[in-house]
Amino acid sequence: MKDKSKIIGVEKHVRITNTDISDQIDRLMELPEYKSFNKVVNDALIYGLPKLTESIFGEVKLEEQPPRKEPTHFLYFDEKQFAIIVRLLKETVLNVTINKSILSTLYNVKDFELDGLKVDKRMFEDGLMSDTPDYLTDYEIHGLKSLRQ
């Protein structure tokens, strides 16, 4: 029978008594590459145990490890990706503007009708009734100002 430690590694149990270390472990486990406690602890040991050994014994014993990928806390976009994002944002703004115009036109037509006025077909077709209703203009201005703060 093969030695169990060569197949699955040596099993050890760890009790974390420092809440700061526990919080750091929890934070690392939120990253996609650290979905298990064992992965976090093994990487921490690979990273820190040689430094501890060197400081105590003055020697370093490193096993050959693949290059460690540093976790990134930001997303990197190249110019092509930014161009796509900008294009999609412009498309979204265009669609929202069209919707706002159509809804404002429908509001203004209904407002005319409720006042007993006849809606001029030409004004309707040419988009001359697409002004934002007054009560929404103030709301929109206030909303835009709060976004800039």
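Because lysine 39 and aspartate 43 are four residues apart in helix α3 (residues 37-57), about one helical turn separates them. Their side chains meet in a salt bridge, at 3.1 Å from N to O; the term denotes a side-chain nitrogen of Lys or Arg within 4 Å of a carboxyl oxygen of Asp or Glu. Lysine 39 is partly exposed, with a relative accessible area of 36%, whereas aspartate 43 is buried, at 16%. Here, buried means under 20% relative accessible area, exposed over 50%, and partly exposed in between, with a 1.4 Å probe and protein chains only.

A word on the source. This is a predicted model, in which local features need pLDDT of at least 70 and side-chain atom pairs count only at pLDDT 80 or more, while totals for chains, interfaces and linings use all residues. Residues are numbered from 1 along each chain as its sequence is written, and side-chain values use heavy atoms, with hydrogens and water left out.

Turning to the overall architecture, the protein has six helices and zero strands. Helices are DSSP runs of H or I with at least four residues, strands are runs of E with at least two, and both are numbered from the N terminus. Of the 149 residues, 10% count as buried.

How many salt bridges does a search of the whole structure find? The search finds five. Within helix α4, arginine 87 pairs with glutamate 91, the closest N and O atoms being 3.8 Å apart; these two residues are four apart, about one turn of the helix. Lysine 100 forms a salt bridge with glutamate 140 at 2.6 Å between the closest N and O atoms. Lysine 100 lies in helix α4 and glutamate 140 in helix α6 (residues 134-148), so this pair ties together parts that are 40 residues apart in sequence. Lys121, Arg122 and Glu125 are linked in a network of salt bridges.

Helix α4 spans residues 79-114 and also holds threonine 105, which counts as buried at 9% relative accessibility. A polar atom of the threonine 105 side chain lies 2.8 Å from the backbone oxygen of serine 101.

I close with the surface. Leu94, Ile98, Ile102, Leu103, Leu106 and Phe124 form a nonpolar patch with about 570 Å² of accessible area together. Patches consist of residues with over 30% relative accessible area and no salt bridge; like charges are joined within 9 Å, and nonpolar side chains (Val, Leu, Ile, Met, Phe, Trp, Tyr) within 5 Å. Helix α4 gives the most to the nonpolar patch, with five residues. Leucine 94, at 52% relative accessibility, counts as exposed.

Note on methods
A polar contact is a pair of N or O atoms within 3.5 Å; within protein, one must be able to donate a hydrogen and the other to accept it, and residues adjacent in sequence count only if both atoms are side-chain atoms. Accessible areas come from the Shrake-Rupley method with a 1.4 Å probe; for residues, only the protein chains shown count as cover.
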